[in-house]
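Here is a friendly walk through one structure, written for someone who likes to check geometry residue by residue. Please keep the viewer open while reading.

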Amino acid sequence: MNDMKPTIIKNIPFDIRPEQLYPNLKIQTGSRYADQLDKLLESALDIASPKAVYTLSTVEHKDDSTLIIDGIHMKSRVMQVNLRHCRRVFPFVATCGIELEEWSQSIEDTLKSFWADTINMLALAAALEAFKAHIDERFEPGTTSMMNPGSLEDWPLSEQHKIFSLLGNACELINVRLTENTLMIPLKSISGLEFESGEKFYNCQLCPREKCLLRRSSYDEHLYAEKYQPHSNHRET
Ligand code: SF4
């Protein structure tokens with residue numbers, strides 16, 4: 001166990017301009033929709049408060065598909081291989097913030113609700129960026145990668161409560177909670193482990209889902225067999 005208290009990151013800058021949203025939302029500059037979006041974004045920026053919390057945890061390797069992180073058993077073959085040279089890891093939760101969540105839930109118009117969803121997603125991205133900048137500055141980990149419960153079958157969403165356990169009650173302090181179905185509220189929140197990786201790893205490399213707008217890397221159908229299959233000759237990274 002380590003005795004580092006979780007670090008809470010608030011006051012994260014979030015200052016996007018409407019023109020940044022127009023292309024993604026297929027809105028023409030100067031149109032009626034552009035005017036409506038400008039007003040919606042203005043009301044969002046008035047209250048936006050993305051946040052993140054993280055801690056530093058120690059890693060022990062137990063067997064081919066189990067790690068012990070600060071005393072908590074994590075079952076994931078992919079994680080076991082990805083973290084095989086790691087002795088420390090950064091469990092985290094990042095969120096768009098309860099303020100934007102409640103604001104977006106109050107919007108009844110379907111189109112504006114979709115726009116609000118996009119704004120909340122960008123606020124979450126700002127929170128993630130702030131978290132990564134924080135650990136870069138404080139711990140200088142070099143190249144890092146991220147794994148998130150639920151992104152791959154190998155590490156199911158049911159393990160999400162373990163990330164919350166590692167962070168203690170700090171998630172409450174940024175107003176993020178887990179429902180009985182292990183969904184996070186605010187909905188635009190993400191939990192996971194950030195780890196020193198040498199070369200970049202993306203969950204997407206092992207995910208065959210087609211037409212995913214959030215894909216960050218192409219699917220490598222041979223990667224699991226080559227690198228993660230137990231007792232295979234691993235592709236070294
Ligand atoms: S392809 Fe999409 S669903 Fe699959 S891991 Fe990447 S972001 Fe997640």
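Which residue just after α1 takes a positive phi? In this predicted model, the residue is K26, with a phi of about 55°.

**Backbone points to check**

Most residues other than glycine have a negative phi, and most peptide bonds are trans. With that in mind, a few places deserve a look. N11 is not a glycine, yet its phi is positive, at about 50°. This residue sits in the loop between β1 (7-9) and α1. N11 counts as exposed because 9 C-beta neighbours lie inside 10 Å, and the cut-off for exposed is 12 or fewer.

The loop in question runs between β10 and α8 (223-228). K211 has 5 other C-beta atoms within 10 Å, so this residue is exposed.

The peptide bond between I185 and P186 is cis, with omega at about -5°. P186 belongs to the loop that links β9 (184-185) to β10 (189-196).

How many of the eight residues of helix α1 are buried? The count is zero, so helix α1 (residues 18-25) is hardly covered. Even so, α1 does have a helix partner. Two packed helices are described by the angle between their axes and the distance between the axes. For α1 and α2, the axes come within 10 Å and cross at roughly 125°. The angle makes α1 oblique to α2, and the crossing is right-handed. On the α1 side the contact is made by P18, L21, Y22 and L25, and on the α2 side by A34, L37, D38 and L41. Sorted by class, the residues of this contact are seven nonpolar, no polar and one charged.

**Helix α2 against α5**

Helix α2 (residues 32-47) also meets helix α5 (residues 110-139): their axes come within 11 Å, with a crossing at roughly 45°. Are these two helices parallel or oblique to each other? With that angle, α2 and α5 are oblique, and their crossing is right-handed. In α2 the contact residues are L37, L40, L41 and A44, which meet K112, W115, A116 and I119 in α5. Here the contact divides into seven nonpolar, no polar and one charged residue.

| Residue | Other C-beta atoms within 10 Å | Class |
|---|---|---|
| K75 | 17 within 10 Å | partly exposed |
| F164 | 20 within 10 Å | buried |
| A94 | 29 within 10 Å | buried |

Why does F164 count as buried? It has 20 other C-beta atoms within 10 Å, and the cut-off for buried is 20 or more.

A94 is found in strand β6 (residues 88-95). Leaving out residues up to four places away in sequence, A94 touches A52, L124, A127, L128, F131, S189 and I190. Its C-alpha atom is separated by 9.3 Å from that of C171, a residue 77 positions apart along the chain.

Setting aside neighbours within four places in sequence, F164 is in contact with C171 and L178. F164 and P91 are 73 residues apart along the chain, and their C-alpha atoms are separated by 8.7 Å.

K75 lies in strand β5 (residues 72-75). Beyond its neighbours within four places in sequence, K75 is in contact with S65 and T66. What separation do the C-alpha atoms of K75 and A116 have? These residues are 41 apart along the chain, and their C-alpha atoms are separated by 36 Å. A116 is one of the α5 residues in the contact with α2.

**Around the ligand**

Finally, which residues surround the ligand? They are S151, N203, C204, C207, R209, C212, L214 and R215. By class, this shell holds four nonpolar, two polar and two charged residues.

Conventions:
Residues are numbered from 1 along each chain as its sequence is written. This is a predicted model: local features need pLDDT of at least 70, side-chain atom pairs count only at pLDDT 80 or more; totals for chains, interfaces and linings use all residues. A residue is near a molecule or strand if its C-beta atom, placed from the backbone, lies within 6 Å of it. Ala, Val, Leu, Ile, Met, Phe, Trp, Tyr, Cys and Pro count as nonpolar, Asp, Glu, Lys and Arg as charged, and the others, Gly among them, as polar. Helices (H or I, at least four residues) and strands (E, at least two) are DSSP runs, numbered from the N terminus. Axes are lines fitted to C-alpha atoms, for helices over the stretch in contact, and angles run from 0 to 180 degrees between N-to-C directions. Angles under 35 degrees count as roughly parallel, over 145 as roughly antiparallel, 65 to 115 as roughly perpendicular and the rest as oblique. A crossing is left-handed if the near helix is turned anticlockwise from the far one by less than a right angle, and right-handed if clockwise. Two residues are in contact if their C-beta atoms, placed from the backbone, lie within 7 Å.
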